[in-house]
Amino acid sequence: MSEFSKGVDRRTVLGGLGALAVGGSGAFAAVPALPSAPVGINIIDVGGALALMQQAFDDYRSANPKLVSRITYVKAPAPELASKIKAQQDAGRADLDLVLTGSDGLAAGLEQNLWLKIFPDFAEKFPKIEENYEPAALNLHKVQGAGYGTVVNYYPSGPLLEYMPDRVKQVPTTAEELLAWAKANPNKFMYARPTNSGPGRTFMMGLPYILGDKDPQDPVNGWDKTWAYLQELGESIEYYPAGTGATMKEFGDGSRDIIISTTGWDINPRALGIVPKEAKIQTLKGFHWVSDAFFMCVPKGIPNDRLAVVLDIMAHVLTPKMQAYSYDEGYLYPGPAVKDVPLSLAPKRSQEVIAEFGRPEYAELIAKNPIELPLKPDKMVVAFRKWDELVGAKRKR
């Protein structure tokens, strides 16, 4: 059991959406009472957040045997999430209590009205969260989460080019150079389908800034240059994998020489030996970070006894000690969504991985380049559809 978990009043540790919470009427829903007997909690992960946070959930279970009898973990691809939950809700079932998802699953669930509103309704469970979030994480929480998704992990993301220096002698430094390189080296560049890939969607959303498109937040009327560029680039891409892992594998085995990456996808596969340690990263002229996060969402319809525990769990995993687990092995570097979580607070293994596989240049890149919000959920859904129609349909997936 984590020593931090013993005797902690999670209502007072962190902080939650004070000003944001009271928006509108200023009224709060009643937070349901914690159950008198332990309940089972089912958590589904569609983005990889469990790699960072499962120990934090396990710590809660160990510290609260009178509240939780077990925590069951389920994993699924992000594109399957919304239909899975909607089918359960249509059948009057509530099999899943907490969803861990990236922006993609959050957006799909919002489109179908699947999520329970947490803020301002249950804001009293999260006092001072607004002042405790990292600034970019707070922006994601307010704009992307919109009261329905609570940021649990954050990173500036990308888009980054990752390349093997022994195979790429002239590294592209502009979008035009990347296009020329891809044409000169057909099938050697790759990225994954954006709807199920953090690097893929970050690349898609980062290009409007790099290309100087009319409105980077409007994929319908503001991305003329981006869609044209992606279509032309696609002529030199063999196929678009369904997920990022395939791009890393093919990059690691030498099938591809340049792929799209992010901070976490750069560090973690090298730490795991999937990608050679010698791989390098490069940004393109006009680069802006497009931030990303993992969110916690609660499906509508779960009974009050389980909802009470889920809310308590959510507050628990936003405490600094639990957030330190999110350094993990660099998977979502840096990872913590809240302030004052130094690497020294993380497990020894995390500290060792970041020391060996992290990149000193990341600190400067984060400090000196703008960090943009991703598309709002409704526009992200539209962008995914347009990519599928205009770009992905031209190649097998």
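## His 288, at the entry to S9

His 288 sits in the loop between strand S8 (280–282) and strand S9. The model is a predicted one. A polar contact links the side chain of His 288 to the side chain of Glu 372, at 2.7 Å.

Setting aside neighbours within four places in sequence, His 288 touches Gly 158, Pro 159, Tyr 209, Pro 370 and Glu 372.

Strand S9 covers residues 289–297. Nine of its nine residues are buried, so the rest of the structure largely encloses the strand. Trp 289, Ser 291, Ala 293, Phe 295 and Cys 297 point one way. Val 290, Asp 292, Phe 294 and Met 296 point the other way. Both sets are buried.

S9 pairs with strand S3 (residues 98–101) through three bridges, and the two run antiparallel. Here Thr 101 stands opposite Phe 295. Strand S4 (residues 150–158) is joined to S9 by six bridges, also in antiparallel fashion. Thr 150 has Met 296 as its bridge partner in S9. Strand S11 (residues 371–372) runs parallel to S9, with two bridges between them.

## Helix H17

Helix H17 spans residues 377–390, 14 residues in number. Its first and last C-alpha atoms are 20 Å apart, close to the 20 Å expected at 1.5 Å a residue.

Which residues of H17 are buried? They are Pro 377, Met 380, Val 381, Ala 383, Phe 384, Trp 387 and Asp 388. These residues lie on the same side of H17, because they cover an arc of only 160° around the axis. An α-helix has 3.6 residues a turn, so residues three or four places apart point the same way. The face turned away from the buried side carries Asp 378 and Glu 389, both exposed. The cover over the buried residues of H17 includes helix H5 (103–111), helix H7 (135–145), helix H9 (198–211) and helix H10 (224–234).

## Aromatic pairs

The count of aromatic pairs comes to 12. One of them joins Tyr 191 and Trp 387 edge-to-face, at 6.2 Å centre to centre and 70° between the planes. Tyr 191 lies in the loop between strand S6 (189–190) and H9, while Trp 387 belongs to helix H17, so the pair ties together parts 196 residues apart in sequence. Tyr 191 and Trp 387 are both buried.

The rings of Phe 294 and Tyr 331 are stacked, because their planes meet at 25°, with centres 6.4 Å apart; the cut-off for stacking is under 30 degrees. Phe 294 is in strand S9 and Tyr 331 in the loop between helix H14 (320–323) and strand S10 (335–336), so this pair ties together parts 37 residues apart in sequence. Phe 294 and Tyr 331 are both buried.

Ring pairs also link Phe 189, Tyr 191, Phe 203, Tyr 240 and Trp 387 into a cluster.

## Pro 77

Pro 77 occupies the loop between strand S2 (68–75) and helix H4 (78–90). Is Pro 77 buried, exposed or partly exposed? Its relative accessibility is 36%, so Pro 77 counts as partly exposed. From C-alpha to C-alpha, Pro 77 and Asn 64 are 30 Å apart in space, and 13 residues apart in sequence.

Conventions: Residues numbered from 1 in each chain as written. Predicted model: local features only at pLDDT ≥ 70, side-chain atom pairs only at ≥ 80, totals over all residues. Heavy atoms only, no water. Helix = DSSP H or I, 4+ residues; strand = E, 2+ residues; numbered from the N terminus. Buried < 20%, exposed > 50% of the residue type's maximum accessible area, 1.4 Å probe, protein only. Pairing = 2+ DSSP bridges. Expected span 1.5 Å × (residues − 1). Arc of directions from axis to C-beta. Contact = heavy atoms within 4.5 Å. Polar contact = N/O pair within 3.5 Å; in protein donor to acceptor, adjacent residues only side chain to side chain. Phe/Tyr/Trp six-rings, centres within 6.5 Å; stacked < 30°, edge-to-face > 60°.
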